[in-house]
Amino acid sequence: PAGHLMVVVLPAAVARQEVMEKLKARGIQTSIHYPPIHRFSHHGSSDRVRAQGLDRTDALAPRLLTLPLYPQMTEEQVDRVCGELHAAIIRHGGRTPSNRVVVSRGVEPWVP
């Protein structure tokens with residue numbers, strides 16, 4: 001668990017950079033934490049990575065987005081971030097389950 005980060009997985013059809021720019025325009029800072037380690041020059045050169053690849057990691061990594069999270073964050077701020085994220089996703093061709101943002105404390109299983 002990473003209780004100091006709020007990382008979401010964007011729908012596959014949504015461009016992360018466009019969502020980030022839309023949220024920034026609305027005053028919401030986002031970031032990208034922990035790029036795939038096998039993309040670093042030292043790890044990416046291993047024989048195992050070259051031979052087998054990391055397809056799931058490579059498919060998921062460009063969809064990850066870190067949202068604001070800090071101890072003084074109010075429920076109203078959380079609601080605003082979720083609402084703006086939802087709007088940005090919808091604007092850029094994505095869909096969320098039942099057209100709403102679902103916040104979960106658990107880890108979502110991998111769905112290829």
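Helices (H or I, at least four residues) and strands (E, at least two) are DSSP runs, numbered from the N terminus. The model described here is predicted: local features need pLDDT of at least 70, side-chain atom pairs count only at pLDDT 80 or more, and totals for chains, interfaces and linings use all residues. Residues are numbered from 1 along each chain as its sequence is written, and side-chain values use heavy atoms, with hydrogens and water left out.

**The nonpolar core**

- A nonpolar core is a set of buried Ala, Val, Leu, Ile, Met, Phe, Trp, Tyr and Cys residues joined through side-chain atoms within 4.5 Å; buried means under 20% relative accessible area, exposed over 50%, and partly exposed in between (1.4 Å probe, protein chains only).
- The largest such core has 14 residues, of which Val 8, Leu 10, Val 19, Leu 23, Leu 65, Leu 67 and Leu 85 touch the most other members.
- Two or more residues of this core come from each of helix H1 (16-25), strand E2 and helix H5 (75-91).
- Helix H5 makes the greatest contribution to this core, with four residues.
- In soluble globular proteins, nonpolar side chains tend to be buried together.

**Helix H1**

- The buried residues in H1 are Arg 16, Val 19, Met 20 and Leu 23.
- These residues lie on the same side of H1, because they cover an arc of only 100° around the axis, the arc being that of the directions from the helix axis to the C-beta atoms.
- The cover over the buried residues of H1 includes E2 and H5, where contact means heavy atoms within 4.5 Å.
- Val 19 has contacts with Leu 10, Val 14, Leu 65, Leu 85, Ala 88 and His 92, not counting residues up to four places away in sequence.
- Leu 23, which lies in helix H1, counts as buried because its relative accessibility is 1%.
- With residues up to four places away in sequence not counted, Leu 23 touches Ile 28, Thr 30, Leu 65, Leu 67, Glu 84 and Leu 85.
- Although 61 residues separate Leu 23 and Glu 84 in sequence, the two are 6.7 Å apart in space, C-alpha to C-alpha.
- Gly 27, which follows H1, has a positive phi, near 85°.

**The salt bridge**

- A salt bridge is a side-chain nitrogen of Lys or Arg within 4 Å of a carboxyl oxygen of Asp or Glu, and by this rule the count is one.
- This salt bridge joins the side chains of Arg 26 and Glu 84 (2.9 Å, N to O).
- Arg 26 lies in the loop between H1 and helix H2 (41-44) and Glu 84 in helix H5, so the pair ties together parts that are 58 residues apart in sequence.
- Arg 26 is partly exposed, at a relative accessible area of 44%, whereas Glu 84 is buried, at 13% relative accessibility.

- Thr 66 belongs to strand E2 (residues 64-67) and is buried, at 5% relative accessibility.
- The side chains of Thr 66 and His 33 form a polar contact of 3.1 Å; such a contact is a pair of N or O atoms within 3.5 Å, and within protein one must be able to donate a hydrogen and the other to accept it, with residues adjacent in sequence counting only if both atoms are side-chain atoms.
- Leaving out residues up to four places away in sequence, Thr 66 touches Leu 5, Met 6, Val 7, Thr 30, Ser 31, Ile 32 and His 33.
- Pro 62 sits in the loop between helix H4 (55-60) and E2 and is partly exposed, at 42% relative accessibility.
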